[in-house]
Amino acid sequence: MNSLWEKFLENGRVKECPVYDMHAHMGSFNRIYLPFGDFNPEITKSRLERAGIKMLIFCSHWTLFSPDIGNRANIEVVRQLPDKLRAYCGLNPNYPEIIEKDVEDFEKYRDVFVGFKLLSDYHQKPVSHENYSPAWKYADKKGLIVLLHTWGGSQFDGPEQVRIVAEKYPGAKILMGHSCHGAWDETIQLMKDFPNVYAELCAVVDDRGGLEQIMDACGSKQIVFGTDWPWFNHHYYIGAVIDSGISDQDAHNIFHRNAEKLLEGLI
Ligand SMILES: [Zn+2]
């Protein structure tokens with residue numbers, strides 16, 4: 001029997017190991033050309049199938065950076081490709097009135113959203129800021145997924161900030177996007193202290209040893225896969241994870257089993 005590594009290498013995708021990309025985006029972005037940024041139902045679908053991506057969970061750049069467009073950009077896209085896509089309801093803490101409205105309307109879009117996305121380093125307000133609190137309370141109550149952008153050393157979404165919200169909202173499933181990049185010891189401590197806190201691998205594998213360190217300390221059950229697609233190619237990230245020398249069982253956990261559990265009841 002060939003290993004998963006060999007099967008991915010041979011076919012570019014593996015039927016019995018579907019991949020959930022838990023951290024993605026959609027739409028064009030200023031000052032850079034992203035070849036697959038613009039949504040097109042056929043092209044997007046074929047790009048995902050090419051790498052065996054069973055489901056991609058994203059938050060549109062337009063939502064995150066254009067409050068006048070807001071979550072409309074997510075809703076319209078998911079509804080055109082519902083068997084492959086779900087979205088995070090994007091929150092910008094500089095527009096608290098929009099957050100309140102989005103939380104109020106959340107139930108209307110349960111076919112679209114699995115939770116919330118915070119991009120605090122860019123919006124320059126800490127993840128524990130009161131402007132986010134309607135969404136945090138709602139996620140806590142409903143068991144929603146909250147994807148945070150996190151980075152080691154950040155005053156907005158570094159490990160100290162993650163600790164505050166993890167303690168306060170134990171019902172929310174918190175994904176540390178980029179796993180507090182570089183602050184691996186603190187990432188590990190957060191995963192040990194809080195069963196509802198997960199490491200997400202986007203950008204982690206650009207630093208040799210980070211994934212291995214997290215795996216050695218915590219195993220693979222609190223790790224999910226993500227890529228920041230369309231910024232990065234799925235095969236690049238799948239290859240980096242699987243080539244780190246992890247077992248097939250750990251790869252199954254990271255690529256799909258953990259995500260399937262997190263998404264239970266939400267999709
Ligand atoms: Zn991202």
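The legends below describe close-up views of a predicted model.

Local features are given where pLDDT is at least 70, side-chain atom pairs count only at pLDDT 80 or more, and totals for chains, interfaces and linings use all residues. Residue numbers start from 1 along each chain as its sequence is written.

View 1. Eight strands form an open sheet in the order S1-S2-S3-S4-S5-S6-S7-S8, with parallel pairing. S1 and strand S8 (223-224) have a single partner strand each, so one side of each is left without a neighbour in the sheet. Strands (E, at least two residues) and helices (H or I, at least four) are DSSP runs, numbered from the N terminus. Two strands pair if DSSP finds at least two bridges between them.

**View 2. Strand S2 and its partners.** Seven of the eight residues of S2 (residues 53-60) are buried. A residue is buried with 20 or more other C-beta atoms within 10 Å of its own, exposed with 12 or fewer, and partly exposed in between, the C-beta atoms being placed from the backbone. Six bridges link S2 in the parallel sense to S1 (residues 19-26), where methionine 26 has serine 60 of S2 as its bridge partner. Between S1 and S2 the chain passes through helix H2 (residues 41-50) in a right-handed β-α-β crossover. Right-handed is used if, with the strands pointing away from the viewer, the path from the first strand over the helix to the second runs clockwise. S2 is also parallel to S3 (residues 85-91), with three bridges, and phenylalanine 58 stands opposite alanine 87 in S3.

View 3. Six of the six residues of S4 are buried, so S4 is largely enclosed by the rest of the structure. S3 and S4 run parallel and are joined by five bridges; tyrosine 88 has glycine 115 in S4 as its bridge partner. A right-handed β-α-β unit is made by S3, H5 and S4. S4 and S5 run parallel with four bridges, and phenylalanine 116 has valine 146 in S5 as its bridge partner.

**View 4. The largest nonpolar core.** This core has 86 residues, of which Ala87, Val146, Ile174 and Leu175 touch the most other members. S2 gives the most to this core, with six residues. A nonpolar core is a set of buried Ala, Val, Leu, Ile, Met, Phe, Trp, Tyr and Cys residues joined through C-beta atoms within 7 Å. Leaving aside neighbours within four places in sequence, the contacts of isoleucine 174 include Val146, Leu148 and Val165. Two residues are in contact if their C-beta atoms, placed from the backbone, lie within 7 Å.

**View 5. Helices H5 and H7.** The axes of H5 (residues 96-105) and H7 (residues 133-142) lie 8 Å apart at an angle of about 25°. The two helices are therefore roughly parallel to each other, a term for angles under 35 degrees. Axes are lines fitted to C-alpha atoms, for helices over the stretch in contact, and angles run from 0 to 180 degrees between N-to-C directions. Ile99, Glu100 and Val103 in H5 meet Pro134, Ala135 and Tyr138 in H7.

**View 6. Valine 162 in helix H8.** Valine 162 is found in H8 (residues 159-168). Valine 162 is buried, with 24 other C-beta atoms within 10 Å. Not counting residues up to four places away in sequence, valine 162 touches Val127, Leu148, Thr150, Met176, Cys180, Leu190 and Val197.

Note on methods:
Parallel < 35°, antiparallel > 145°, perpendicular 65-115°, else oblique.
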